[in-house]
Amino acid sequence: MIRALLKTLLLSIGLGLCICCGSHAADTNLVNREYQLKTAYLFHFAELAEWPTPTPVTICLQGDSPLRAYLPVLSGLQIDGRTVHVLLAENPPIQHCQILFLSDLSALSQTLLDQAKNNHVLLVSDIEDFARQGGMIEFTLRDNKLKLVVNLTAVKRAGLKLSSKLLRMAEILE
């Protein structure tokens, strides 16, 4: 059932995420849908990324983000026989994460970038200019659609590989 939900969400990605003005309830539904899509994307990042050593996948969230309400749905899912775990600690130990979603740009320090590189952690955020400042994958809204910006240099520096399926959907920074 969860996989069916994720597939439905990803089909919606192909159609784009429309953001428009409206009532508060409509705005709330759009925000909820945006974060559901981001959750589905994070799962598929785990499917479409390759780490130097296959391990269980832990998706971590650092900071305060609406994703906190949606990420637990991924816990226990399987990717090629690897179990997905979700860690929602305020400051999760980066060495326990394969994917770290940052909700605050101030957390993107040189120390964190070095730790991500050394521990092969995929850094993801929805903060503006995250990819340009050394992050790896940035969610951005353009033309009322959810888009991806990938800093391929940072991804390669961390010893990670992203599939061509993922890269075709993204704007690439090198």
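Visitor: Why is Thr 39 called buried?

Guide: Keep in mind that this is a predicted model. Thr 39 has a relative accessibility of 2%, and buried means under 20%, so Thr 39 counts as buried. Thr 39 lies in helix α2.

Visitor: What does Thr 39 touch, not counting residues up to four places away in sequence?

Guide: With that exclusion, Thr 39 touches Leu 67, Tyr 70, Leu 71, Val 73 and Leu 74. A contact here means heavy atoms within 4.5 Å. As for C-alpha atoms, those of Thr 39 and Ala 69 are separated by 9.8 Å, with the two residues 30 apart along the chain.

Visitor: Gly 63 sits in a loop, the one between β2 and β3. Why does Gly 63 count as buried?

Guide: Same test. Gly 63 comes out at 10% relative accessibility, and the cut-off is under 20%, so Gly 63 counts as buried. Leaving out residues up to four places away in sequence, Gly 63 touches Arg 68, Glu 90 and Ser 103.

Visitor: What makes the 50 residues a nonpolar core?

Guide: Membership takes a buried residue of a listed kind, such as Phe or Leu, joined to others through side-chain atoms within 4.5 Å. The largest such core has 50 residues, and Phe 45, Leu 122 and Leu 123 touch the most other members. Two or more residues each come from α2, β2, β5, α3, β6, β7, β8 and α4. The biggest contributor is α2, with seven residues.

Visitor: Which residues does Phe 45 touch, not counting those up to four places away in sequence?

Guide: Phe 45 touches Trp 51, Ile 99, Leu 122, Val 124, Ile 137, Phe 139, Leu 148 and Leu 166.

Visitor: How do you know that β2 and β4 pair?

Guide: Pairing needs at least two bridges, and β2 and β4 have four, so they pair, in the parallel sense. One of those contacts across the strands is Val 57, whose bridge partner in β4 is Val 84.

Visitor: And what makes β3 and β4 a pair?

Guide: Two bridges join them, and at least two are needed, so β3 and β4 pair, running antiparallel. Ile 79 stands opposite Arg 82 in β4. The two strands form a hairpin with two residues between them, and Asp 80 in the turn has a positive phi of about 50°.

Visitor: What lines the largest pocket?

Guide: Its lining has 15 residues, and Glu 128, Asp 129, Glu 138, Thr 140 and Arg 142 lie nearest the centre. The lining divides into five nonpolar, one polar and nine charged residues. β7 supplies the largest share, five residues, while α2, β7, β8 and β10 each give at least two. The volume is about 170 Å³.

Technical notes
Residues are numbered from 1 along each chain as its sequence is written. This is a predicted model: local features need pLDDT of at least 70, side-chain atom pairs count only at pLDDT 80 or more; totals for chains, interfaces and linings use all residues. Side-chain values use heavy atoms; hydrogens and water are left out. On a 1 Å grid over the protein atoms alone, a cavity is a set of points where a 1.4 Å probe fits but cannot get out, and a pocket is an open set with protein on both sides within 12 Å along at least five of seven lines; lining residues have an atom within 4 Å of a point. Grid points are joined across faces, edges and corners, and a volume is the space filled by probe spheres set on the points. Ala, Val, Leu, Ile, Met, Phe, Trp, Tyr, Cys and Pro count as nonpolar, Asp, Glu, Lys and Arg as charged, and the others, Gly among them, as polar. Buried means under 20% relative accessible area, exposed over 50%, partly exposed in between (1.4 Å probe, protein chains only).
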